[in-house]
Amino acid sequence: MAAEKLRDLSQPIDVGVLDATVAAFFVTGSKEERAAADQILRDLQANPDMWLQVVHILQNTKSMDTKFFALQVLEGVIKYRWNALPVEQRDGMKNYISEVIVQLSSNEASFRSERLYVNKLNVILVQIVKHDWPAKWTSFIPDLVAAAKTSETICENCMIILKLLSEEVFDFSRGEMTQQKIKELKQSLNSEFKLIHELCLYVLSASQRQDLIRSTLSALHAYLSWIPLGYIFESPLLETLLKFFPVPAYRNLTLQCLTEVAALNFGDFYNVQYVKMYTIFIGQLQTILPPSTNIPEAYSSGSDEEQAFIQNLALFFTSFFKFHIRVLESAPDTVSLLLTGLEYLINISYVDDTEVFKVCLDYWNTLVLELFDAHHNSDNPAASINLMGLQMAQVLQRRQLYSNPMSKLRGLMINRMAKPEEVLIVEDENGNIVRETLKDNDVLVQYKIMRETLIYLSHLDHDDTEKQMLRKLTKQLSGEEWAWNTLNTLCWAIGSISGSMAEDQENRFLVMVIRDLLNLCEITKGKDNKAVIASNIMYVVGQYPRFLRAHWKFLKTVVNKLFEFMHETHPGVQDMACDTFLKIVQKCKRKFVIVQVGEREPFVSELLSGLASTVQDLEPHQIHSFYESVGNMIHAESDPLKRDEYLRRLMELPNEKWAEIIGHARQSVEVLKDPVVIRTVLNILQINDFTAGCNYFHVFTMQTNTSAATSLGTDFLSQISLIFLDMLNVYRMYSELVSTSITDGGPYASKTSFVKLLRSVKRETLKLIETFLDKAEDQPHIGKQFVSPMMEYVLADYARNVPDARESEVLSLFATIINKYKATMLDDVPNIFEAVFQCTLEMITKNFEDYPEHRLKFFSLLRAIATFCFPALIKLSSQQLKLVMDSIIWAFRHTERNIAETGLNLLLEMLKNFQQSAFCNQFFRSYFIQIEQEIFAVLTDTFHKPGFKLHVLVLQHLFCLVESGALTEPLWDTATVPYPYPNNAAFVREYTIKLLSSSFPNMTAAEVTQFVNGLYESRNDPSEFKKNIRDFLVQSKEFSAQDNKDLYAEEAAAQREQERQRMLSIPGLVAPNEIQDEMVDS
């Protein structure tokens, strides 16, 4: 094949053959030819000498695809090897690229026809500039500006290059360059911007060429956010931009530039200029877009350019107000202009475009928070002491100034409130009311921000908030504004402000709201209409547990209404009814177990009497939720005798069915495996008939028991004791059936309905035991009572079974047991280890895909053992310990984040425990070097970025360990290393330098040595240690040009926790159902 000779790079490459190979890959080739071409092109790219052919290829090819292939090769060399190339080769390539760009952009025809090629060359040039400028190419900016003055097309391309350079340095530099290099480039651009500034002003004042002016405005836009302010405010630049704003061809680009200026915030020095800019801008805007314009309507019917204008307008107003609204408030003649701008922004907020609304919402949230903070401090006696009389007057005056816009903003929030997560009933694209199938995360984020904003608005004026909501609700009742969406957004808004009002006002407000909603449900006809109203009633009442606790009659009415909704078969209504019931019970459970005024018995007793009829129309998963709710009620009963009686009545139906099944099974076990019964069970699952099918009732019994155990904890002991041993016997029998079926029928047998159903029984049995032990109070006798029988029934069964019949829940069950009963399980660990370790490892180490559930649960079990039963690991043989360490290394190599993180946490536990043990030297002599090598391997692998924080902690632990002197024996092999190192720290330092130098040949020995020395020096400073590693990852080019947010995950988590603490301090900001602390319920 002719293409094979391309691999020989000892002579100039045959460009014609290369063209044909590239064409075969991109255009003309068959499947086989494309695969062959792909392999050759990959080999060429990987060849370190291929870049030397780039100039020859570019000069001789006419194929654009070939040119791009050559430039791709060159780009790789520039990114990863540029500084290692000889100076003459670097200069030659730099000059050639510059000449080609000038040649192509000096001619109008070639500049337009080869625009993509020129753009790629521009990118290559900027990559070179990032390496060589300013130190090795000091004249770059003067050269560029001088070239720009020679022709308008060259000038247009120079503007594109300048824009690229600004974006590379200021927008895309994080994770691409070291902090020092970014700082150096920013300083150089700042010092030489005078030339760029003069060029831009000259073009904008002298040129009539539309493309050139647009390129100049685009380049300016990239620079305005960081250049010295004098270039903007002490030159004609701002005035020039405002002249371009009314011109339609430049309006959007100019508006983007003005937005960048508006977003600058450097104190009050340029306030006069900002006021002048805003005044001229509003005057021009009122001509372009009169205040009377219906902006949402204009947007929906506008062109792409007109829609972009509205989007840019939203960005301008939000940026200007965010930083300069105070200066507009200060002068009477600008206050009216400020209110005009806010009116524009409120109208833009009604535009039916998610991105536009997000921009507006972000600003409204900021403004309202600022007003709320001032209001909160003035109303807070402790804080208001610090406010002087004049300051207090200014706060009140400011609140008055914004009272009208804030009232309109409340209307906006109520009209556009996003759907909360709890609401399961939605309108589909055909206008039908259906159950939601997928959660929209964007909507949930939007709801969170809107909810927060409306809570601040409510605090600013509770009365206005209440009036607007009740007025809209009245219009729903009268039919004046009746519409699904209008009622939805109103009720979502009502639910979102829970906790923000004073209790007496909230009580009065809720009485009217719930009364009106219940009336609306009674008078409105149609199943869809009733489903919408039902979903809104359930959402609202679920948000106000404080109100329900204080009003028993309302609470009882609401719960009985939920029971009504549980018989409503409209999609989603029953699910919401069960979810809301659970939510209410969790916050009001004491109310249901005491005899209320006017009642003959506690509500829970009344409920249990009618249990069968209440749940008769519910599906299995809904019944489980219902049982969990009732379990919560029973748990709140303080009298043990009453509690046991309620539990007996709750479990009466499943227990009767259980006794019936066990009775039949004792006569003939064939009852439990009759295929006819299995098919009946599957049918029952579909038609929701709880009255037939033995096996189904076994599953039902298990799941209802699990639901009850979830809420009852230790109080469930009497119930589980009743069924435990029979349950284990059924477990063993079903396990043998599963194993036999898979052995006889092969892997596909596990997919049959028969085996699936049997395995569901097994899993639910394990889940029930795990739930009970996890929720029960820490009483060792409970653990011993249940663990001993499971050693034979569950553990031995797991070891005996074929891999496809082993349940991963066995691993999580014993992890829970060890986490719960800790060192008391020490004697049982060898048996657990023997039963699950070897056989599970064989299942999960063949590849990274099979048995995904076993993987995570296996390492969770290992971590529990390492944390609470570490002495058991010390007793392992060296071979067994090696298996453990190999499995840990295998875990953190895994690309599945949960498994890798569990492995790393487990490794940290092992390192800490062995360091404090008598086997410290022995362990680290065997595994220190291997661990360091493997951690560096995953640290520098982009697939493992989420584990960055834990990688750093492991390395820091290792470096601190060798410097601490805790290791008294050499880590190196004294038999094979003739040179005696003075200490372990010196050995590890040299080993690390060699390891990284061989792994990253693109880095110099000095760079690697500096990095390793930095790690040793910063080992006791976690922040500095982490920063050193981040810079190394960028410097080594392993993490270039990628999303590196995972490297900063720890800082982000700290910010989130700080924000949560702030939210908890403001009434209503954290929803009642999200607060973990038990609410007062007496």
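How many residues does helix H16 have, and what distance does helix H16 reach from its first C-alpha to its last?

Modeller: Please keep in mind that this is a predicted model. Helix H16, which runs over residues 271–288, has 18 residues and reaches 25 Å from its first C-alpha to its last, a span close to the 26 Å expected at 1.5 Å a residue. The buried residues of H16 are Asn 271, Tyr 274, Met 277, Tyr 278, Phe 281, Ile 282, Gln 284 and Leu 285. An α-helix has 3.6 residues a turn, so residues three or four places apart point the same way.

Among contacts between residues at least 6 apart in sequence, 74% join residues at least 24 apart.

Helix H43 (residues 829–844) packs with helix H44 (residues 852–868) at an angle of about 150 degrees, their axes lying 11 Å apart, and the crossing is left-handed. On the H43 side the contact includes Phe 833, Val 836 and Phe 837, and on the H44 side it includes Phe 858, Phe 859 and Leu 862; by class, the residues of this contact are 13 nonpolar, two polar and one charged.

Helix H50 (residues 984–999) and helix H51 (residues 1005–1017) pack at an angle of about 140 degrees, with 9 Å between their axes, which means that H50 is oblique to H51. Their crossing is right-handed, and among the residues that make the contact are Val 988, Ile 993 and Leu 996 of H50, together with Phe 1011, Val 1012 and Tyr 1016 of H51. The contact of H50 with H51 has eight nonpolar, four polar and one charged residues.

His 951 lies in helix H49 (residues 948–964), and His 951 counts as buried because its relative accessibility is 2%, where the cut-off for buried is under 20%. Leaving aside neighbours within four places in sequence, His 951 is in contact with Leu 904, Ile 935, Val 938, Leu 939 and His 944.

Notes:
Residues numbered from 1 in each chain as written. Predicted model: local features only at pLDDT ≥ 70, side-chain atom pairs only at ≥ 80, totals over all residues. Heavy atoms only, no water. Axes fitted to C-alpha atoms, helices over the stretch in contact; angles between N-to-C directions. Helix = DSSP H or I, 4+ residues; strand = E, 2+ residues; numbered from the N terminus. Parallel < 35°, antiparallel > 145°, perpendicular 65-115°, else oblique. Left-handed = near helix turned anticlockwise from the far one by under 90°. Contact = heavy atoms within 4.5 Å. Nonpolar A, V, L, I, M, F, W, Y, C, P; charged D, E, K, R; others polar. Expected span 1.5 Å × (residues − 1). Buried < 20%, exposed > 50% of the residue type's maximum accessible area, 1.4 Å probe, protein only.
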